[in-house]
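Here is a protein chain to look around in. Take a moment with the sequence and the 3D view, then we'll walk through it piece by piece.

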Amino acid sequence: MLRLDAVGQYYGDHPVLRDLTLTVPDGQLLCVVGPSGCGKSTLLRTVAGLLPAREGEVTVDDTPVTGVPDRLAVVFQDYGRSLYPWLTVRDNVALPLRRQGLGRTGRRAAAERILERVGLDGTARRHPWQLSGGMQQRVAIARALVCRPSLLLMDEPFGSLDAQTREDLEDLLLEVHRTDGTTIVFVTHDIDESVYVGDRVVVLSPGPGSRVVLDLPVELPGKRDQIGTRGLPEFVALRSAVGRAVRGG
Ligand SMILES: Nc1ncnc2c1ncn2[C@@H]1O[C@H](COP(=O)(O)OP(=O)(O)OP(=O)(O)O)[C@@H](O)[C@H]1O
């Protein structure tokens, strides 16, 4: 379980997050939305242990976060910069396994299995720059999943992709979440996306000193699909509630 208890975060004297308390149960896919600059990325950096909480405490499974937690993976928007261009796709994906002491053959086999899972079989020997943006982001997702993280942080991961690719990757994320039960904190600007992928949506207020202004469970009937789910009256009502909260209504 991830817990933020009265977390305050600053850059110098500039307050970004104030008194932020949030509990994310195991296996939940939590979406965080809010106006630009309100501190969503700062929140993720704090959870990732990259930025120590100035006030309050962050814990993962009751252990205070004082550095990067074990079994944590992060996917950023900027896939172009997160992959190593001189490594093959397979070696990019296998990289985190080095720390686990797995031999080269084992690492490559694990990378190929996960590449197949994200729909990238046949690309193992290519280099990231030989792939489309959507495929590169799939590589970044594969690399995040290869160590079977218990906590996955995603910062606007589909923000720079075209609409069709974005929908495909949203569905891939839902499939991974359903199968692995990974706890996911997913930051997005896109209100529709937050309701489509989330089990729960949290809206942050505009800064400085953002706090949670809406905490909404997403209860939608049936298995989600891009056309049917987005047309449901329940979906439209949730989207309106999140939209109003983001706009301060
Ligand atoms: N390294 C930094 N040093 C100083 N100020 C920063 C730094 N990173 C972010 N900020 C400021 O902190 C505030 C929150 O930034 P953050 O990137 O967390 O917001 P965000 O909600 O993720 O924004 P966006 O939605 O535009 O990506 C902003 O005012 C930003 O200018």
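How many of the 5 residues of E6 are buried? The count is 4, so E6 is mostly covered, where buried means that 20 or more other C-beta atoms lie within 10 Å of a residue's own, exposed means 12 or fewer, and partly exposed is in between, with C-beta atoms placed from the backbone. Helices (H or I, at least four residues) and strands (E, at least two) are DSSP runs, numbered from the N terminus.

A quick word on what you're looking at. This is a predicted model, in which local features need pLDDT of at least 70 and side-chain atom pairs count only at pLDDT 80 or more, while totals for chains, interfaces and linings use all residues. Residues are numbered from 1 along each chain as its sequence is written.

Back to E6. This strand pairs with E7 in the parallel sense over 5 bridges; strands pair if DSSP finds at least two bridges between them. Val-74 sits opposite Leu-153 in E7.

Now for helix H5. 10 of its 13 residues are buried, making H5 mostly covered. Among those buried are Val-139, Ile-141 and Leu-145.

| Element | Residues |
|---|---|
| strand E6 | 72-76 |
| helix H2 | 79-82 |
| helix H3 | 89-94 |
| helix H4 | 104-117 |
| strand E7 | 151-155 |
| helix H6 | 163-180 |

What about the ligand? The residues around the ligand include Tyr-11, Lys-40, Ser-41 and His-189, each with its C-beta atom, placed from the backbone, within 6 Å of it. Helix H1 (residues 40-47) gives the largest share of this shell, 3 residues. By type, the shell divides into 3 nonpolar, 8 polar and 1 charged. Here Ala, Val, Leu, Ile, Met, Phe, Trp, Tyr, Cys and Pro count as nonpolar, Asp, Glu, Lys and Arg as charged, and the others, Gly among them, as polar.

Last stop: Thr-21, in strand E2 (residues 14-24). Thr-21 counts as exposed because it has 12 C-beta neighbours inside 10 Å. Thr-21 and Arg-148 are 127 residues apart in sequence and 27 Å apart in space, C-alpha to C-alpha.

Note on methods:
Contact = placed C-beta atoms within 7 Å.
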